[in-house]
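Subject: Structure handover

Hi there,

Here is the structure I promised to pass on to you. Have a look at it first, and then read on for what turned up.

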Amino acid sequence: MESSSEEMTAPAPETVPGSGGTAVDPGSAGAVGTATAAGAEAGADAVNGTTTDADADAGTGTDGLPVSPGPSPSGGAPAIRPASLSPSRASDFMQCPLLYRFRVIDRLPEKPSPAATRGTLVHAVLERLFDAPPAERTVPRARSLVPAQWDRLRETRPEVRELFADDPDGERLATWLSEAERLVERWFSLEDPTRLEPAERELFVEAELESGLTLRGIIDRVDVAPTGEVRIVDYKTGKAPRPEYAEGALFQMKFYALVVWRLKRVVPRRLQLVYLGSGDVLTYDPVPADLRQVERKLLALWDAIRLATETGDWRPRPTKLCGWCDHQAHCPEFGGTPPPYPPASRAAGSAEGAQGRMGPD
């Protein structure tokens, strides 16, 4: 792990160290891909409080919901075949196919958690801090953004208000906000925002593979050096994983790198995970062979999702994470019964509000 991340800065930054990577046109805001100020990022991992990417789809249904009709295992309404995938939904299926079904196909509601909401808040603060001139990107300014972004979050996502509905004196809220401020402050020990000038923040990326599978997601930050090297940065509000679990943590970043590569034929020079919970920075310099392997893995995963969609075979995969799942009442492992499958048909263009980060002003 490394704790320095100032290779792509402004003005006149040094190039990112390491080998591999193809240069893109320097100074181009479109060097990575077509950006929209998207506002969908998944809630925090219930176990460690880290944030993960959520689908940022519009017009294809919540969380990249596939909308192509297929055979129905029950002979009733047609099943819905998958058409797109994001890192969080891919992780859901790998963790538990039934969880994927509950979130993507059944769209069962999930209560906001303090960890997830804190992750959303911290991400919003770090994004907004770069609106200020470099010299004004200070710890006091960042801390001052926390209350305003919390107010905005409550306005845009009213469901988070219930987190502190039983806290009439505001003690738990004050502690929670202080924890968010500490995470924001710790970031300054890992990166120097006065030397950074991101090319993109909260960048929505989307690419269609030759197979027809669409990959999409939200990248926290993209830095582009004057020489063209691209760095993809993701903030995590939890603790860094142990070395034996680092590969799993990098899956999301390699997913993003694959999308960027397929979009612009540029391999990002560096992938960087900034863990605010533990004060660590995990970096990885990908090469094309890495990304081809990720693509093969995603295609195999896509085939498995399509098969489950057509057969209705969404098997639960019990793990220690089940204790944090909101859907135990519907899970056979806990004596529950899943909703009827396939669910009632719905308009293909519907896009319900997904839990995630706040959108633009």
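Let me start with a question: which residues do ring pairs link into a cluster? They are F93, Y100, W314 and Y341. Rings of Phe, Tyr and Trp (its six-membered ring) pair here if their centres lie within 6.5 Å, with planes under 30 degrees apart counted as stacked, over 60 as edge-to-face and the rest as tilted.

Before going further, a word on the source. This is a predicted model, in which local features need pLDDT of at least 70 and side-chain atom pairs count only at pLDDT 80 or more, while totals for chains, interfaces and linings use all residues. Residues are numbered from 1 along each chain as its sequence is written, and side-chain values use heavy atoms, with hydrogens and water left out.

**The chain as a whole**

The chain has 7 helices and 10 strands; these are DSSP runs numbered from the N terminus (helices H or I, at least four residues; strands E, at least two). Of its 361 residues, 50% count as buried, where buried means under 20% relative accessible area, exposed over 50% and partly exposed in between (1.4 Å probe, protein chains only). The accessible surface comes to about 15,800 Å², and carbon and sulfur atoms account for 51% of that; the areas come from the Shrake-Rupley method with a 1.4 Å probe, and for residues only the protein chains shown count as cover. If you take the contacts (heavy atoms within 4.5 Å) between residues at least 6 apart in sequence, 72% of them join residues at least 24 apart.

**Rings and charges**

The structure holds 12 aromatic pairs. One of them is W150 with F164, an edge-to-face pair at 6.1 Å centre to centre and 85° between the planes. Because W150 lies in helix α4 (residues 139-156) and F164 in the loop between α4 and α5 (171-187), this pair ties together parts that are 14 residues apart in sequence. Both partners count as buried: W150 at 4% relative accessibility, and F164 at 12%.

Two arginines sit over tryptophan rings. R262 lies over the face of W261, 4.3 Å from the ring centre, and R306 has its charged end over the ring of W302, 4.5 Å from the centre. The test asks for NZ of Lys or CZ of Arg within 6 Å of the ring centre and within 35 degrees of the ring normal.

**Cysteines**

How many disulfides does a search of the whole structure find? It finds 0, taking a disulfide as a pair of cysteine sulfur atoms within 2.5 Å. For C325, the nearest cysteine sulfur is that of C322, 6.7 Å away. The sulfur of C331 also has C322 as its closest cysteine, at 6.3 Å, which is too far for a bond. C325 is partly exposed, with a relative accessible area of 29%, whereas C331 is buried at 10%.

Strands β6 (residues 200-208) and β7 (residues 214-224) run antiparallel and are joined by 8 bridges; two strands pair if DSSP finds at least two bridges between them. Within this pairing, R201 stands opposite R221 in β7. The hairpin has 5 residues between the strands, and there G212 takes a positive phi near 100°.

E202 is found in strand β6 and has a positive phi of about 50° although it is not a glycine. E202 is also buried, with a relative accessible area of 4%. G217 lies in strand β7 and counts as buried at 0% relative accessibility. G217 and E202 are 15 residues apart in sequence and 9.5 Å apart in space, C-alpha to C-alpha.

L273 has L282 in β10 as its bridge partner. There are 4 residues between these strands, and G279 in the turn has a positive phi of about 75°.

**Backbone details**

A cis peptide bond joins Y341 and P342, with omega about -5°.

R107 has a positive phi of about 55° although it is not a glycine. R107 sits in the loop between α2 (97-105) and α3 (114-129) and counts as buried at 13% relative accessibility.
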